[in-house]
Amino acid sequence: MPGRYPQPPKLISASVLPMLLIASIRVGAAERPNIVFIFSDDHAVSAVSAYGNSLVETPNIDRIAAGGMRFDRAYVGNAICGPSRATLLTGMHSHANGFYSNEWSGPFDGEQQTLSSLLQASGYQTAVIGKWHLYSDPVGFDHWEVIDNAFEQGTYYNPAFRSPAGVEESTGYVAELVTDKAIAWLEQVGEENGPFFLLYNHKTPHRDWLPGPQELRDWDEESRIEEPDTLLRDLDGLTQARRDARMRIADYMTDNDVKLSMGRNLTAEQEALWRQAFAEGNRQYEAMELTAEDDLRWKYQRYAKSYAASVKSMDRQIGRLLDYLQSNGLMENTIVLYSSDQGFFLGENGWFDKRWMDEVSSQVPLLVEWRGHIKPGATSDALVQNIDFAPTLLAAAGVKPATPMHGVSLLPLFEENPAPWHRDLYYQFYENPGFHGVARHYGVRTERYKLVYYYQNDEWELFDLEKDPADQHNLYGKPGYDEITTDLKRRLQALRKQYQVPASDPEVPWYHGPLIRLMEQLLKLM
Ligand code: CA
C-alpha cells in the first residue's frame, strides 16, 4: 500500500522548475527563518536529559526541547559518521549520495544537490564550522572552517582547522574553539544580507571521549554511573553477526580510551589537568587485582563517565551559542535544531561504538525550536529519519529542490494536531570489512517491529519493539511470527524498490579487511 506512507514528491518538469523556485522564494522572502543546526557526533539519546533517565544532565540542549519539539522516534539510515553527514546534506540514503562508508567511499561529491547549495543559491548566507568528516572541501558554504587532523576526526585538544585560507593550528578544547568560531561568524553575518544557515558541528562526544578543562577539574573518581542491564550479557546464542563484532568493552577498549594512558596532543598545562583527574585513580587501578568481571565494570565506569563528561563539556558550549542567539534577538526568527550523526552503545550488550540498526545506535536525539511555529514543550512519536532533515529545512525556507529527495518535510508534524503519520524506515549499513567487524545489513523499522537481514551471513533478526524496546530477543523463525515476518519482508522489498537500492554493493579493495585488522591491533598498543 504505497499510498499509506509519505512519498517523495513527483519530479516536476525541468521547464517549470526555475519559475517555481523563484516564485517560492519571493513568496516567503520576508519571513524566511535563519537556521542553526547543532550537530554532534555519537551522542546517544540515553545521554540527553530532555529524554529522561540520562547518564548526564544536559541543561542547555534541554532548552531546545523546552522551547520546541522533542522527537522520540528519530533515526538515521546508516549509523556511521560520514554517511550520516552526507545524508543530512543530500536528504538521500547512502546508495544515492555515494557516501557509503567512512573507510572506502570518500570523498563526498559536493557538486550533487545539497541543502547548503540550495539554500545558498536562494540567498541564504551559509557556513559550516567544526566536524566535517567527508574528506572534501565543503561546497555550498560561503564560509567554512572544518576540523582537519588525521581522518578528519581531529583531536579534543588543540585541533587543526582547515579553511579556504589553509590549515591553522589552534590551542584549546575543541567544543569551545568550534563555538568561538561559530559566534565569530554570526557576529559578522548581518541580517540585511539575508537569512543565514549555520551548520555548527561538534566533534564531541566521539571516541576517545576527552572531557573539557572544567570537567577535568570536576572529575570525581568515586562517583558511579548505573550499569546497563545487559553489560554482562552473554552473546553466545545470538546470530553470527553479533558474535563476530569486535566491540566488547572488555576486549577492545584501549588504555587511551579508559584514560590509563595520557591523552593525545596536550600542552603541558593540559597534561597537568589530565593528571589531576586520572592519575590517582590509575594508580589505584594498577594496584588492584580485579576479576575479569570487575575489570569490565571498572572500564565501563571510566568509559561512561568520560563520555558523560565530554557531553557536559559540549553542552556548556551549546549554552554559550544559545545565549548569543537569545541576547541578540535571533531566537525569534531562527529554527534551532539539535541532533547527532547517530547514537552509541554505552555498555549495552557489553559494547561500545555504533553501526547497528539497534535502537541505541540508529536512534538519534532530535530537538527543534522555532518560535511561533512549534508549541514549547511539544513531543512527537512519529517515525522520522535523517533523510528528512534537508527537505524540512528547505520547506521552511520556501526552497524546492530541483530533484526529489528521499526524505519528506517534517513541517506538518509541527502542527498542534498533525495528520496521522504512517511510515516504514529503511536502513542499510555497508562498512564491512571495517572497524569493529559489524556485518553488512539492511532492514525495515515499522511502528512496532524491526526486521534485519545480515546478507553476508544470510541471517535474519526480528524484534517486537513494543515488548522488547532494546532489541534483545530475536523472534525470527519462532512459532507464531510467520505472518508478521512475511508482511515485513514485503514492506522491506517495497522500500528497496521505492528508494531504488542497487542489488549489489560497491566493490571494496581486497586489502582493506587485513589493513583494518592491522590498524585495530596497532590501536590497542597505543
Ligand atoms: Ca559519529
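Here are some exercises with worked solutions on the predicted model shown above.

**Exercise 1. Find the order of the 10 strands in the open sheet with mixed pairing, and name its edge strands.**

Solution. 
- Step 1: Go across the sheet strand by strand, and you can read the order β7-β6-β5-β4-β8-β1-β9-β12-β2-β13.
- Step 2: Look for strands that pair on one side only; these are β7 (166-168) and β13 (378-380), the edge strands.
- Step 3: From one strand to the next, the twist averages 15 degrees.

**Exercise 2. Work out how β1 and β8 run, parallel or antiparallel, and which helices lie on this part of the sheet.**

Solution. 
- Step 1: Strand β1 (residues 34-40) and strand β8 (residues 196-201) run parallel and are joined by 5 bridges.
- Step 2: For one example, take phenylalanine 37, whose bridge partner in β8 is leucine 199.
- Step 3: Helix α11 (residues 292-327) lies across β1, β8 and β9 (334-340), and runs at about 175 degrees to β1.

**Exercise 3. List the protein donors of the calcium ion, then explain what the pair aspartate 42 and aspartate 341 ties together.**

Solution. 
- Step 1: Search around the ion, and you will find donor atoms from Asp41, Asp42, Cys81, Asp341 and Gln342, lying 2.2 to 3.2 Å from the calcium ion.
- Step 2: Check the atoms too: Cys81 gives SG, while Gln342 is listed with both OE1 and NE2.
- Step 3: Along the chain, the donors follow the spacing D-D-x38-C-x259-D-Q.
- Step 4: Aspartate 42 is in the loop between β1 and α2 (59-67), and aspartate 341 is in the loop between β9 and β10 (345-346), so the pair ties together parts that are 299 residues apart in sequence.

**Exercise 4. Describe the open sheet of 4 strands and the helix that lies across it.**

Solution. 
- Step 1: The order is β15-β16-β17-β18, and the pairing is antiparallel.
- Step 2: The edge strands are β15 (425-429) and β18 (459-464).
- Step 3: Between β15 and strand β16 (residues 441-445) there are 5 bridges; phenylalanine 429 has histidine 441 as its bridge partner in β16.
- Step 4: Helix α14 (residues 482-498) lies across β15, β16, β17 (449-454) and β18, at about 110 degrees to β16.

Key. Residues are numbered from 1 along each chain as its sequence is written. This is a predicted model: local features need pLDDT of at least 70, side-chain atom pairs count only at pLDDT 80 or more; totals for chains, interfaces and linings use all residues. Side-chain values use heavy atoms; hydrogens and water are left out. Two strands pair if DSSP finds at least two bridges between them. Helices (H or I, at least four residues) and strands (E, at least two) are DSSP runs, numbered from the N terminus. Axes are lines fitted to C-alpha atoms, for helices over the stretch in contact, and angles run from 0 to 180 degrees between N-to-C directions. Contact means heavy atoms within 4.5 Å. Donors are N, O and S atoms within 2.8 Å of the metal (3.2 Å for Na, K and Ca); water is not among the atoms, so sites may look incomplete.
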